[in-house]
Amino acid sequence: MSQPKPLPTDPIAEAHRQWTAHGWGPVADGMAAVTSLMRAQQILLARVDEVLRPLDLTFARYELLMLLLFSRKGSLPLSRIGSLLQVHPTSVTSAVDRLEARGQVRRLPHPTDRRAILAEITEDGRVTALAATEKLNDTVFADPGLPDSGVRDLVELLTDLRRGAGDF
């Protein structure tokens, strides 16, 4: 994996210093936490994108394939996909369109609800999802950039944040 050239100083630490110097010290730690999370997300997404790009996948399309792969029947209503992935219906439609064009997903009428459409993973979609997962497991997921204890602590902290925000 390619590594970007490190910055000479930590811009978030500098922002924290500036926040404090401008009289916002009581919220400087919160600003640094939020900004650090957003930067960490960018770093991890870049690593994931680098792995998925050769498979012509985005993380959103990968998540959709995995959701279908893990479903009992290999298919789900489009509305359920949006709910589970917590994305707008337009995003689901776009991702399904792209995966369908590549033969990795197909749309089917819902067997009991004429208004609903199912997305079903194809064999090619299964193969792609498993290949992508193997590559992500070997690189990004095996080494997210923290020691094992740090990974567990981070998951616990982020779970608390998500729970507090009403995520589940």
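Student: Which residues does threonine 122 contact, leaving aside its neighbours within four places in sequence?

Tutor: Contact means heavy atoms within 4.5 Å. Beyond those neighbours, threonine 122 touches Gly103, Gln104, Val105 and Arg106. A caution before we go on. This is a predicted model, where local features need pLDDT of at least 70 and side-chain atom pairs count only at pLDDT 80 or more, while totals for chains, interfaces and linings use all residues. Residues are numbered from 1 along each chain as its sequence is written, and side-chain values use heavy atoms, with hydrogens and water left out.

Student: How many helices and strands does the protein chain have?

Tutor: Both are DSSP runs numbered from the N terminus: helices are H or I with at least four residues, strands E with at least two. Here there are seven helices and three strands. In sequence order they run α-α-α-β-α-α-β-β-α-α. The radius of gyration (over C-alpha atoms) is 20 Å, well over the 15 Å that the globule rule (2.2 Å times the number of residues to the power 0.38) gives for 168 residues, so the chain is more spread out than a compact globule.

Student: What are the spans of the C-alpha trace along its principal axes?

Tutor: About 60 × 35 × 30 Å. Buried residues account for 27% of the chain's 168 residues. Next, take contacts between residues at least 6 apart in sequence. Of these, 52% join residues at least 24 apart.

Student: Which residues touch the most other members of the largest nonpolar core?

Tutor: Such a core is a set of buried Ala, Val, Leu, Ile, Met, Phe, Trp, Tyr and Cys residues joined through side-chain atoms within 4.5 Å. In this model the largest one has 26 residues, with Leu57, Leu64, Leu68, Ile81 and Val105 touching the most other members. Two or more residues come from each of α2 (25–52), α3 (59–70), α4 (78–85), α5 (89–101), β3 (117–121) and α6 (123–141). Helix α3 gives the most, seven residues.

Student: What does leucine 57 contact, leaving aside its neighbours within four places in sequence?

Tutor: The list is Leu52, Tyr62, Leu65, Leu99, Arg102, Gln104, Thr128 and Ala132. Two of these, Thr128 and Ala132, are among the buried residues of α6.

Student: What is the phi of aspartate 56?

Tutor: Positive, about 55°, although aspartate 56 is not a glycine. The residue lies in the loop between α2 and α3.

Student: Where is glutamine 86?

Tutor: In the loop between α4 and α5. Glutamine 86 likewise has a positive phi of about 55° without being a glycine. Its relative accessible area is 54%, so it is exposed.

Key
Buried means under 20% relative accessible area, exposed over 50%, partly exposed in between (1.4 Å probe, protein chains only).
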